[in-house]
Amino acid sequence: MSFKVLTAEFMHESNTFSTHKTGLPEFRRETLMLGEEALKKRGKSNTGLAGALSCAAEFDWDMQHVVSAWSEPSGPVTIEAFEYLVGLIVEAAKAQSFDGILLCLHGAMVAEHSDDGDGEILARLRAVVGPDLPIAVTMDLHANVSKRMCELAQILVSYKTYPHIDLKETACHAGNLLQRTMKGEIKPRTLRIHLPMLEEANGGRTDIGPMIERIAKARAWEAEQPGALAVSINGAFPEADIAEVGPTVLVTYEGDDRLHRAFAQSLADDIWNRRDEVINTYHTVDKVAQIARTYPRQNGPLIIADYADNPGAGSYGDATELLRALLAAGVEDACFGPMVDPAIAALLCEQGVDATVTVAVGGKSDPRFGGTPLTVTGRILQVSNGDFIGDGPMIGGLEQSFGPSAVLLVDDIEILVTSAALQMLDLQQFRAFGIDPAKKRVVALKSMQHFRAAFEPIASSVVVCDSGALCTLDYGRLPFSKIPRPIYPLDREMTRVTPPCSGV
Ligand SMILES: [Zn+2]
């Protein structure tokens, strides 16, 4: 029997402290594709859609893909963008009758009119398809999963890797469970344990540290425990001033919930008990500049990651503190990217290659976080429309764009000045603009963790700094008002609060 399945991708991680709202122009610049176009451009990459397509082939689904929408994390999604995109999905669900729905969401979306954007999507769909239609959802490992989401979707499965290299695999997992549910083989539901923390101690890193063991336990539980269908360990997204921020452990299961609940609680306890085991060393910008100044040339560059100005977590990407320190230290044979400044990028494009210019770059979105504009004089090496196609493990084959961009050589640092804020996670983000990071002595980039997938293989060493930009680890600087208190680490001395359990 062939089932009719509706699919959609609508993913956004919303930084509620960013003043840059995420509207339709932002989605259009990154990813906003309807049905056929999405299948063509995203169907063969590391995407949820690719996983859905593989299920469709395996199970002979009559699959209708409505839309794929993604934008780099930024401020809350505008009412206009949210209503348009959710409207497409809800109208498609209304127009025909389906046997099931597979949605690829992020799980940390905030809209201007809803702090629980993903829960709102599910609520709108339920209003149309009723309470019983099987709905499976894939999520990012950094989801802030609400109680409502677990009540509205039977199946929720998160990525198990950070860097996220298992988007397709996660959708295959969710799609398999959806197929079994549509066939009537299983009757899944999802339970949730929520922790009173802003995030897991290492932001959910799965390459080293305690998450390795937790993910192994999750996989073993899925494989061996009767009734266990999916275990998701969400590290959370802390730059969200919402009531349901924080890490969660989910188990999608069938049958008696007691064993699964106890298992989820044991993972949650481990997250809580190891909350002080921070693996990264977060240097100051001056410290990393000093390391860079004397770093010996060897096989592969020193990579310096600015954790705090990561556009992949909604930072503006225009913080200047790190660049200022590198220039002051006289660091040679280096590249830096991105420096997000649309006005200066446009000016450089207008001036053209080989022109020498003096400009005040960056520091314009909110100089309280990451520094004021930096005046530099340099020569333009390249100008570009900013388009590139990824070739690494995360975005291989996917088209993205920095918008009008230029490379400016200042002293001995090649600076990639861009219009759009994108996290550095693929070598093509430098190479497409004439910079070969593998051949540099020092590579400074803006990313927390995703850069490791493509850049660690070319690196001789990696150091991380906190420039004080919007995603600083100094959470006390962020004006939280809606989060529940006490919460770790803002209320560091708090005693254990038993995390509330919820499920259906
Ligand atoms: Zn993530």
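Colleague: In which helix is Ile79 found?

Modeller: Helices are DSSP runs of H or I with at least four residues, strands are E runs of at least two, and both are numbered from the N terminus. Ile79 is found in helix α4, which covers residues 79-95. Residue numbers start from 1 along each chain as its sequence is written. The model is predicted, so local features require a pLDDT of at least 70 and side-chain atom pairs a pLDDT of 80 or more, whereas totals for chains, interfaces and linings use all residues.

Colleague: Where is Ala136, and is Ala136 buried or exposed?

Modeller: Ala136 lies in strand β5, residues 135-139. With 31 other C-beta atoms within 10 Å, Ala136 is buried. Beyond four places in sequence, Ala136 touches Leu102, Ala153, Ile155, Ala174, Gly175, Leu177 and Leu178. The C-alpha atoms of Ala136 and Ala171, 35 residues apart in sequence, are 9.0 Å apart.

Colleague: What is the place of Leu102?

Modeller: Leu102 is in strand β4, residues 100-105. It counts as buried because 30 C-beta neighbours lie inside 10 Å. Its contacts beyond four places in sequence include Val5, Thr7, Ala52 and Ala136. By contrast, the C-alpha atoms of Leu102 and Gly352, 250 residues apart along the chain, are separated by 47 Å.

Colleague: Which residues have the most contacts inside the largest nonpolar core?

Modeller: A nonpolar core is a set of buried Ala, Val, Leu, Ile, Met, Phe, Trp, Tyr and Cys residues joined through C-beta atoms within 7 Å. The largest has 91 residues, and Val137 and Ile155 have the most contacts inside it.

Colleague: At what angle do the axes of helix α8 and helix α9 cross?

Modeller: Two packed helices are described by the angle and the distance between their axes. An axis is a line fitted to C-alpha atoms, for helices over the stretch in contact, and angles between N-to-C directions run from 0 to 180 degrees. The axes of α8 (residues 210-224) and α9 (residues 258-273) come within 11 Å and cross at roughly 175 degrees. Angles under 35 degrees are roughly parallel, over 145 roughly antiparallel, 65 to 115 roughly perpendicular and the rest oblique. α8 and α9 are therefore roughly antiparallel. Pro210, Arg214, Lys217 and Trp221 of α8 make the contact with Phe263, Leu267 and Asp270 of α9.

Colleague: Which domains does the domain assignment give?

Modeller: Domain bounds come from an automatic or database assignment. Here the assignment gives domain 1 (4-273) and domain 2 (282-475). Their C-alpha centres lie 31 Å apart. The contact takes 26 residues from domain 1 and 28 residues from domain 2. On the domain 1 side, α1 (24-30) and α2 (35-42) each supply at least two residues.

Colleague: Which residues does a cis peptide bond join, and where is phi positive?

Modeller: Most residues other than glycine have a negative phi, and most peptide bonds are trans. A cis bond joins Gly337 and Pro338, with omega about -10 degrees, and Pro338 is in strand β12 (residues 334-340). Another cis bond joins Tyr488 and Pro489, with omega about 5 degrees. Asp60 has a positive phi near 60 degrees and sits in the loop between α3 (48-59) and β3 (62-70). Asp333 has a positive phi of about 55 degrees and lies in the loop between α11 (321-328) and β12.

Methods:
Two residues are in contact if their C-beta atoms, placed from the backbone, lie within 7 Å. A residue is buried if 20 or more other C-beta atoms lie within 10 Å of its own, exposed if 12 or fewer, and partly exposed in between; C-beta atoms are placed from the backbone.
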